[in-house]
Amino acid sequence: MSTQFLLITAVAAPLIAVLFIPLIGKFSKQARNVLSLIAAVVPFIACAILAFAVLKGDSPEPVLFFGLALKADMLAVFMGLVSSFLSSLIILYSFDYISHYRDQNEYYFMVVLFLGAMMGLVFSSNLILLYVFWEITAITSWRLIGFFRDREYVLKADKAFLVTAFGALAMLIGFIMIYQTTGSFDLAAIKENLKTSPIANLAVLLILAGIFSKSATLPFHTWLPDAGVAPSPVTALLHAAILVKIGVYVFARLFLATFNMEQFWHTVVPVIAFLSAIISAGAAFIETDLKRLIAFSTISQIGFIFFGLAIGNEMAVVGGLLYILMHGIAKAGLFLCAGIIEQNTKIRDITKLGGLIKTMPVTAIAFLLCSFSVMGIPPFGGFFSKYLVFSGAIKSGHLFITAAFLVAAFMTILYLFRVFNMVFLGEARSPQVKEASPTMVFTVASLGVLSLISGILVWYPYKFVQDAVWQMMGMVK
Amino acid sequence: MLSLFILLPFFCLIAVNLPVKGARRLAFWLTASLFVLQILAVLLHPSVFWGMKEDLFANFFAINFSVNNLSLVIFLTIGIVGLVSLIIGKYTLANRPDRFHFTNLLLTALIGMNALALLTDLFSMYVFIEVTALSSFILIAVQREKTALEGAFKYLIISTIASALMLSSVALILLVSGSTSFDVVSAALKASSGSVFVKLAVALFLCGPFIKSGLVPFHGWLPDAYSAAPSAVSVLLAGIITKVSGVYVLMKLVMSVFGFTPVIRDILMFAGALSIVFGALAAIGQKDFKRMLAYSSISQVGYIIIGLGCGTKLAIAGAALHFFNHAVFKSLLFTNAAVMEQKLGTVDMDKMGGLTSRMPFTGMTSLIAFLSTAGIPPLSGFWSKLLIVVALWTSGMHGYAAIALLASVLTLAYFLSMQRRVFFGKLRPGLEAVQEAGTGLVITQVALALVILGVGLGFPFMLKTLAPLKNILW
């Protein structure tokens, strides 16, 4: 099988499956669920095979139609692997979670469409194609946040759509500015054209507005906690593991892999990231709604990723990219645990929960393992990514900002222990609660275990990401 | 035989009114096939037809027809929107005589609009603008309801002012150039471009299409007319009548007669930007579904005008494409409105809620139409707005480009509010018995949605293959 074909399969499989999901859903729920899962597993397998190909130095670049091309380099394959893997797990979890709600066909339609758009975005080598997929993810996220159709839920969905659309339009102006200077929307051509000079500051600012709005970074972060009204697998999928990483990915793709920005942005972006990280960590401290709390934690952690990427030396960037994987696994696990808790107890207020470790031991352990990873406790996966980001930053001499981020990291430990303490320890408030269905528990347990394994076996993803960074920055192996 | 575009509707009009048994019953099918023929003539582009130079009708009346790529887009739009309007009319106009009058007037308007797309003479253009306008006054009031009569009256008065301005301008131009055909006038205007007299004439004539297309600040009549008219007529007004007799006339005049002088470009871009922002802001405050769509129309026309004002090849292509796209998605939205009106008996959005669960097709198609209006990829509206914005930006109009782009957020805002109040949400108590529209309307909606999706997804392909688009750009 040629790698070009694999690449097209990775993008097209979900997009084609999407057409059949509502139709098949009319006849058989089972078949629809299986089809959705296949639609997520196929891209994962395709990406996995592609990973070996790109490691050998292959970079397939099929031209789709009319000059719009896809391209798989190591960065893209890494991102594709992470997203399709987490999506598969989350879809598996959805089977039981969503089975007693209305509009299930729409749910699977939107989730798989989202995955397809995500794969397309990751592999596009053209700014317009990237923008198209970027906005498709916004549409699906809007429908999914408002999934339960209550008025205030839909209002929050509208808010998310408007904020991200505003950012995206600002970004589009930035893209047009790049088009004007280089005469092309194609990333390779842009790279060729902008080899020596950094791009205009206004363009950087506009593109950053788009990236920050999608990745829920200060000052565009408010939609993310609100988006917690979505079904929990959606919150895990969109608002923790994958969707918010789009902005991070595009940051790496544009500012690290394609063109340079002026030197001072390498200070400005970490400062914004820091403010975002510390303020949302503070918000996570006082928040009592479980899902909002985890959402604030997401905003805070994304600050760390931007920090690593914006520092821009090899070690920090490797740390930042590795962070995408580690945080994706751990935060998806946390949200899915929150989903189990919410569904079984019907309570989201952590002050009213307690003692759940007795009735839901597996969920509790999974929650703890994922928390350890987010906190950055060795030997969990999150430790290594955080460590790399920090030591990369110190290497470039950003001592103050690193110290400041250490405070934020410390706060992460505190608020996650607070949650665990309030929800799982202490007196049992609702003793009749049982553990969720086996599939759901299996999913969260495997995410918890993965958080640990990804730390113990960190060498493999580390090596891959390091190669990706070398390729991205044009260094010699 | 370009005159067939005028003659066929004319003969059709006579045929259905013949005092023969059954002629009336044929009216619908005859008119529908006429629209289908027009669509096919553009899409298949048979060279036998378009290549025929000899034109008896035109020779007889000594008028000149010319067809360029822009007029092909117009013919296509007229065909599609006319067909949609005819179908909606068939299903929503309850009264049989009303339906027949509607078909007759539609044919009259068709004659007027097709002629406008063909003509190259100021005075004959004025005549056919009047033909179109007169039939639309009556169309608005075809059911003789009080609000509709009021809307029609308002439109009539303001439209007459526009006509008076245009006619006096034609008189002035005749004094300067001695003829009203485009070539002569254009040359004469160039020769005496400095004179105040000419400037006055140009200004007067431009006021006409400005009023007709409802650009801010001449938009007062438009929301009343659109919302008071039966939905079938609203489709027609929003999709083609105001667009052809206002926007297209403006495009044609600026492009081939008055030329892109700096003053005209500034006026167009300013009026366009003003309409975009004002229309969108006003739409946010509406609670009447059709009034909201009317204000949205004002806003979207702004995009066409701002593209025209930019004047580069890319911008004109974007404007032409947006002309087509707007006609399609606005027709779809008005079809949705027609369904609401028919099934709920009201277009007040505060009385609706959660209707997607009751009418899935209407809900989903309205979603596609609104996303396209807001310029969200990968739907058709995105591409036309992108072309316009890229053209504006690359020709240095950064401010206008930013306004045009960021106004999309406003568009998104009012449509999200519409979706929230009407379709997306919990079903409002009391609406449990609402049914999906009849098959005819559902098919129309789905077909229009497919056009939007198709143009959106296949846009890059279309740029290079579809005759009218291809030739505008390359």
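**View 1. A:K346 sits out in the open.** A:K346 is exposed, with 9 other C-beta atoms within 10 Å. Here is how burial is scored: a residue is buried if 20 or more other C-beta atoms lie within 10 Å of its own, exposed if 12 or fewer, and partly exposed in between, with C-beta atoms placed from the backbone. This is a predicted model, where local features need pLDDT of at least 70 and side-chain atom pairs count only at pLDDT 80 or more, while totals for chains, interfaces and linings use all residues. Residues are numbered from 1 along each chain as its sequence is written, and chains are lettered from A and ligands numbered from 1 in the order in which they are written. To find A:K346, look in the loop between α14 (314-345) and α15 (356-359) of chain A. Helices (H or I, at least four residues) and strands (E, at least two) are DSSP runs, numbered from the N terminus. A:K346 isn't a glycine, yet its phi is positive, about 60°.

**View 2. A:D103 also has a positive phi.** Most residues other than glycine have a negative phi. A:D103 isn't a glycine, but its phi is near 55°. You'll spot A:D103 in the loop between α3 (74-97) and α4 (104-123) of chain A. Is A:D103 buried, exposed or partly exposed? With 16 other C-beta atoms within 10 Å, A:D103 is partly exposed.

View 3. Most peptide bonds are trans. A:P219 lies in the loop between α8 (201-214) and α9 (223-226) of chain A. Look for B:P378 in the loop between α16 (360-373) and α17 of chain B.

**View 4. Helices α13(A) and α18(A) cross.** The axes of α13 (residues 290-311) and α18 (residues 399-424) of chain A come within 11 Å and cross at roughly 155°. Axes are lines fitted to C-alpha atoms, for helices over the stretch in contact, and angles run from 0 to 180 degrees between N-to-C directions. That crossing angle makes α13(A) roughly antiparallel to α18(A) (angles over 145 degrees count as roughly antiparallel). On the α13(A) side, the contact is made by A:L293, A:S297, A:S300, A:F304 and A:F307; α18(A) brings A:F405, A:A408, A:T412 and A:V419. Two residues are in contact if their C-beta atoms, placed from the backbone, lie within 7 Å. Sorted by class, this contact has six nonpolar, three polar and no charged residues. Ala, Val, Leu, Ile, Met, Phe, Trp, Tyr, Cys and Pro count as nonpolar, Asp, Glu, Lys and Arg as charged, and the others, Gly among them, as polar.

**View 5. Chain B meets chain A.** How many residues does the contact take from chain B and from chain A? It takes 25 residues from chain B and 25 residues from chain A. On chain B's side, α17 (380-394), α18 (398-422) and α20 (459-465) each supply at least two residues. The side of chain B that touches chain A divides into 18 nonpolar, four polar and three charged residues.

**View 6. Chain B is built from helices.** Chain B has 21 helices and zero strands. Buried residues make up 57% of its 474 residues.

Notes:
Angles under 35 degrees count as roughly parallel, over 145 as roughly antiparallel, 65 to 115 as roughly perpendicular and the rest as oblique.
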